[in-house]
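Me: Please present the structure, and then let us work through it by question and answer.

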Amino acid sequence: MIDVVFTDTHFGWKNNSMTWLNSQMDFIYKQFIPAIKQLSKTEPVRVIHCGDVFDSRSTISTYVATKVVHAFKDIRSACEEFVIVCGNHDFYSPNSDTVNTVKLFMSHLDIDIVDDHILERDNHVFVPWYIWQEGDFETDADYVFCHTDLTYDSIPESCQHKMIMAGHIHTPKYDERRGRHNLGSCYSLNFADSNQKRGYYILKDGHLSFEPNKISINFYRLYNDDILTTNI
């Protein structure tokens, strides 16, 4: 099975901007879902979201929520499995996993929502943000999907020698030697992302490859000498 991984969509970004939402949805429908369908022609595809589906923990536009539910339903229709590992923005409180916006809006869909438990499947382990912070779990799986800053937060002993893929940090950060990958948001979110590529990832046969987002809004910082020579 091929894994297609994306993270930190932060739907509702910029105070529920419709321009921003339209750009995000263009990526989902014009690039992401077609890519899943193309990959599915060769073998089954599992889609994995590594957390922070929505941006706000407490105030989500009903319009944004409706559009996202429809989009995730369409993603689910295009793949064999869909797993969402809940991140810190998906919980109302940083001290509890009781209120979860992903489960609130998507529990009726055929999606594995990993929020208050650890899911192990096909040599993969999926760990939600809340449980990862506690750090007290064991796994024999080779591939770990979570929501944390792998460059700063402690790594549970059982995950020390695994290949780890995480959301939470919007800028991609890779430690290839130790197999730690903060994947970064699949969108450019602000000017801190200027001149940087964002996108999604394909995990196949232990190899993780990056696919750039060719659709959504991008930020560029150009200096005097660049303005007339850069082709954007």
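Reply: Before the first question, one term is needed: a polar contact is a pair of N or O atoms within 3.5 Å, where within protein one must be able to donate a hydrogen and the other to accept it, and residues adjacent in sequence count only if both atoms are side-chain atoms. Helices (H or I, at least four residues) and strands (E, at least two) are DSSP runs, numbered from the N terminus. This is a predicted model, in which local features need pLDDT of at least 70 and side-chain atom pairs count only at pLDDT 80 or more, while totals for chains, interfaces and linings use all residues. Residues are numbered from 1 along each chain as its sequence is written, and side-chain values use heavy atoms, with hydrogens and water left out.

Me: How far apart are the end C-alpha atoms of helix α3?

Reply: The expected span of a helix is 1.5 Å times one less than its number of residues. Helix α3 covers residues 62-78, which is 17 residues, so it should span 24 Å. The model agrees with this, as the end C-alpha atoms are apart by 25 Å.

Me: Which strands of the sheet does α3 touch?

Reply: Two strands pair if DSSP finds at least two bridges between them. The open sheet has 6 strands with mixed pairing, in the order β4-β3-β2-β1-β11-β12. Contact means heavy atoms within 4.5 Å. By packing on the sheet, α3 touches β1, β2 and β3.

Me: Which strands stand at the edges of the sheet, and why is one side of each left without a neighbour?

Reply: The order of the open sheet is β4-β3-β2-β1-β11-β12. Each edge strand has a single partner strand, so one of its sides has no neighbour in the sheet; these strands are β4 (112-114) and β12 (207-212).

Me: Is F105 buried, exposed or partly exposed?

Reply: Buried means under 20% relative accessible area, exposed over 50%, and partly exposed in between (1.4 Å probe, protein chains only). F105 lies in helix α4 and, not counting residues up to four places away in sequence, touches F54, I60, A65 and V69. With a relative accessibility of 23%, F105 is partly exposed.

Me: Which backbone oxygen does the side chain of H124 reach?

Reply: H124 belongs to strand β6 (residues 124-126) and is buried, with a relative accessible area of 6%. Its contacts, leaving aside neighbours within four places in sequence, include D3, R46 and I48. At 2.8 Å, the side chain of H124 reaches the backbone oxygen of D122.

Me: How many disulfides does a search of the whole structure find?

Reply: A disulfide is a pair of cysteine sulfur atoms within 2.5 Å. The sulfur of C79 has its closest cysteine sulfur in C50, 14 Å away, which is too far for a bond. C146 is in no disulfide either, as the nearest cysteine sulfur, that of C50, is 7.0 Å away. The number of disulfides found in the whole structure is 0.

Me: What is the phi of N15?

Reply: Most residues other than glycine have a negative phi. N15 is in helix α1 and is exposed, with a relative accessible area of 76%. N15 is a residue other than glycine, yet its phi is positive, near 55 degrees.

How values were computed: Axes are lines fitted to C-alpha atoms, for helices over the stretch in contact, and angles run from 0 to 180 degrees between N-to-C directions.
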